[in-house]
Amino acid sequence: MTPDAYCQQKAAASGSSFYYSFLFLPPERRRAITALYAFCREVDDVVDETGEMQIAAAKLAWWRAEIASLYAGNPQHPVTRALAPFIEKYSLAREHLGEIINGMEMDLTQTRYLDWPGLERYCHRVAGVVGLLAAAIFGYREARTLEYARDLGIAFQLTNIIRDVGEDARKNRIYLPMDELKRFEVPAADILNARQTPQFRALMEFQDRRARSYYDRALAALPAADRRAQRPGLIMAAIYKALLEEIAREGFRVLAQRTSLTPLRKFWIAWKTWLAY
């Protein structure tokens, strides 16, 4: 299997909404963003699939060393070999790849966040910098596009957090800030034990407003000159905003279920959004 084929298989197997935004890209940019996405999946899987924290930490350390090898011109893993041709071409910053690993390392040692600034730091590392790297691959002319890309990445992560509250709670993880649980009178035990209360719904409505504010900020920052190039991100925004609306329509019942959109609906949203820009 070639490095590109490995990355393609990794992206397709995930079933992620991101896959649909790649479909309409020219082949070279599609190869680059698929390799970046595969990298993100690899390091995320280290945390999700490795039971022992010390083993997971060692694997992430290996990936950090592999990034050094990539920028030294000697990548070993199929994902970094697939990324290699695009590092210089699209000016993919080494520190951004390192920040993604920093975010994954937070997941090894932290299962709660005291406040929004702490959670925002995590979201920036695991998603905001991914937005910056993706924007570089898609192409941009104006610096404000990077503001758009970072805020859009954070909006995606906030959407994931809302969708996955119950799933994360079953792993003893709560990504909702503790001070906000206190403000809305939601004990952590309610989340861990999947107790759906009016207070929990109010808390989730607040999280929903925050996520939407990041979508609004991102889209307001995107210069008209770069909208066409950044269509993959706009496709993702349309898909994820549709997911948020579905979650809200169901009454934020995220403790007991994981809301998703059908592949056909995702493809239809992607196609409509691509044509719109």
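Biologist: Is Phe22 buried or exposed?

Modeller: Keep in mind that this is a predicted model. Buried means under 20% relative accessible area. Phe22 comes in at 5% relative accessibility, so Phe22 counts as buried.

Biologist: Which ring does Phe22 form an aromatic pair with, and how far is it centre to centre?

Modeller: The structure holds 14 aromatic pairs. In one of them Phe22 sits edge-to-face with Tyr37, with 70° between the planes. Phe22 belongs to helix H2 and Tyr37 to helix H3, so the pair ties together parts that are 15 residues apart in sequence. The partner is Tyr37, at 6.1 Å centre to centre.

Biologist: And how many residues apart are Phe24 and Trp274?

Modeller: Those two form a stacked pair, 5.4 Å centre to centre with 25° between the planes. Both are buried. Phe24 is in the loop between H2 and H3, while Trp274 is in helix H14, so the pair links distant parts of the chain, 250 residues apart.

Biologist: Which residues form one aromatic cluster with Phe24?

Modeller: Trp274, the stacked partner of Phe24, is one of them.

Biologist: Which ring does Arg210 lie over?

Modeller: A charge counts as sitting over a ring if CZ of Arg is within 6 Å of the ring centre. Arg210 is at 4.2 Å, over the face of Trp116.

Biologist: Which helix gives the largest share of the lining of the largest cavity?

Modeller: That cavity holds about 50 Å³ of space. Its lining divides into 7 nonpolar, no polar and 2 charged residues. The largest share, 3 residues, comes from helix H9.

Conventions: Residues numbered from 1 in each chain as written. Predicted model: local features only at pLDDT ≥ 70, side-chain atom pairs only at ≥ 80, totals over all residues. Heavy atoms only, no water. 1 Å grid on protein atoms, 1.4 Å probe; cavity = no way out; pocket = protein on both sides within 12 Å on 5 of 7 lines; lining within 4 Å. Points joined across faces, edges and corners; volume = space filled by probe spheres on them. Helix = DSSP H or I, 4+ residues; strand = E, 2+ residues; numbered from the N terminus. Nonpolar A, V, L, I, M, F, W, Y, C, P; charged D, E, K, R; others polar. Phe/Tyr/Trp six-rings, centres within 6.5 Å; stacked < 30°, edge-to-face > 60°. Buried < 20%, exposed > 50% of the residue type's maximum accessible area, 1.4 Å probe, protein only. Lys NZ or Arg CZ within 6 Å of the ring centre and 35° of its normal.
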